[in-house]
Amino acid sequence: MTELLERITNLVSWTNLGPAAFADEIGVPRPVISHVLSGRNKASLEVVQKILSRYKEVSPIWLVSGEGEMLTDLGDYSVPPVRRNLPTAKEEVKNSQPNSAAQTELSQKEDATTLLETNNKFAEKKTLVKVVLLYSDGSFSSYDPS
């Protein structure tokens, strides 16, 4: 058993989820996790990225190299996160099927409009305050635009 496989197995155990639920939770097809855990396939970069995206408390260095502790901050994450009551993949497909193409188009336009409005609100509030350049020798320089 490879070291990465052992760490993923430990992580699945820590989440108190089965392999299928773990795959759903990180957003990969169930057979992908099944094949990784059985040793048939090695974990891809995408699987590692999705694990780290979903479980931000898991140390990337630990997952990739096995160095350090599994969790980045044991004070906040000593107990695995409780899984929300998320719909299953079949329920999501069933619920996402529109009654008509017009409803789908209207929904997409509403989503795009909301996204644009949100981005514009954030863009209006942002102003450049300072630029800091960090150099490999440990030195730095900063620039204040004002």
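**Exercise 1.** Determine which residues of helix H4 are buried and where they stand around the helix axis.

*Solution.* Step 1: helix H4 spans residues 45–54, and its buried residues are Val-47, Val-48, Ile-51 and Leu-52. Step 3: the cover over the buried residues of H4 includes helix H1 (3–15), helix H2 (19–26), helix H3 (30–38) and helix H5 (60–65). The model in which these positions are read is a predicted one.

**Exercise 2.** State how many helices and strands the protein has, and in what pattern they follow along the sequence.

*Solution.* Step 1: the protein contains 8 helices and 2 strands. Step 2: along the sequence the pattern reads α-α-α-α-α-α-α-α-β-β. Step 3: the protein has 146 residues, of which 19% count as buried. Step 4: among contacts with a separation of 6 or more, 45% are made by residues 24 or more positions apart.

**Exercise 3.** Describe how H2 and H3 are oriented to each other and which residues meet.

*Solution.* Step 1: two packed helices are described by the angle between their axes and by the distance between those axes. Step 2: the axes of H2 and H3 come within 8 Å and cross at roughly 125°. Step 3: angles of 65 to 115 degrees count as roughly perpendicular and those over 145 as roughly antiparallel; H2 and H3 are therefore oblique to each other. Step 4: their crossing is right-handed. Step 5: from H2, the residues Pro-19, Ala-20, Phe-22, Ala-23, Asp-24 and Ile-26 meet Arg-30, Ile-33 and Leu-37 of H3. By class, the residues of this contact are 7 nonpolar, no polar and 2 charged.

**Exercise 4.** Carry out the corresponding analysis for H2 and H4.

*Solution.* Step 1: the axes of H2 and H4 come within 9 Å, and they cross at roughly 80°. Step 2: H2 and H4 are therefore roughly perpendicular to each other. Step 3: Phe-22, Glu-25 and Ile-26 in H2 meet Lys-50, Ile-51 and Arg-54 in H4. Step 4: this contact comprises 3 nonpolar, no polar and 3 charged residues. Step 5: Ile-51 also belongs to the buried residues of H4, and Phe-22 and Ile-26 also take part in the contact of H2 with H3.

**Exercise 5.** Decide whether Trp-62 is buried or exposed, and list its contacts beyond four places in sequence.

*Solution.* Step 1: Trp-62 lies in helix H5. Step 2: its relative accessible area is 8%; buried means under 20%, so Trp-62 is buried. Step 3: apart from neighbours within four places in sequence, Trp-62 is in contact with Arg-7, Glu-67, Gly-68, Glu-69 and Met-70. Step 4: Thr-72 is 10 residues from Trp-62 in sequence, and the C-alpha atoms of the two are 9.1 Å apart.

**Exercise 6.** State where Asn-16 lies and what its phi value is.

*Solution.* Step 1: Asn-16 lies in the loop between H1 and H2. Step 2: its phi is near 60°, a positive value in a residue other than glycine. Step 3: Asn-16 is exposed, with a relative accessible area of 63%.

Key. Residues numbered from 1 in each chain as written. Predicted model: local features only at pLDDT ≥ 70, side-chain atom pairs only at ≥ 80, totals over all residues. Heavy atoms only, no water. Buried < 20%, exposed > 50% of the residue type's maximum accessible area, 1.4 Å probe, protein only. Helix = DSSP H or I, 4+ residues; strand = E, 2+ residues; numbered from the N terminus. Arc of directions from axis to C-beta. Contact = heavy atoms within 4.5 Å. Axes fitted to C-alpha atoms, helices over the stretch in contact; angles between N-to-C directions. Parallel < 35°, antiparallel > 145°, perpendicular 65-115°, else oblique. Left-handed = near helix turned anticlockwise from the far one by under 90°. Nonpolar A, V, L, I, M, F, W, Y, C, P; charged D, E, K, R; others polar.
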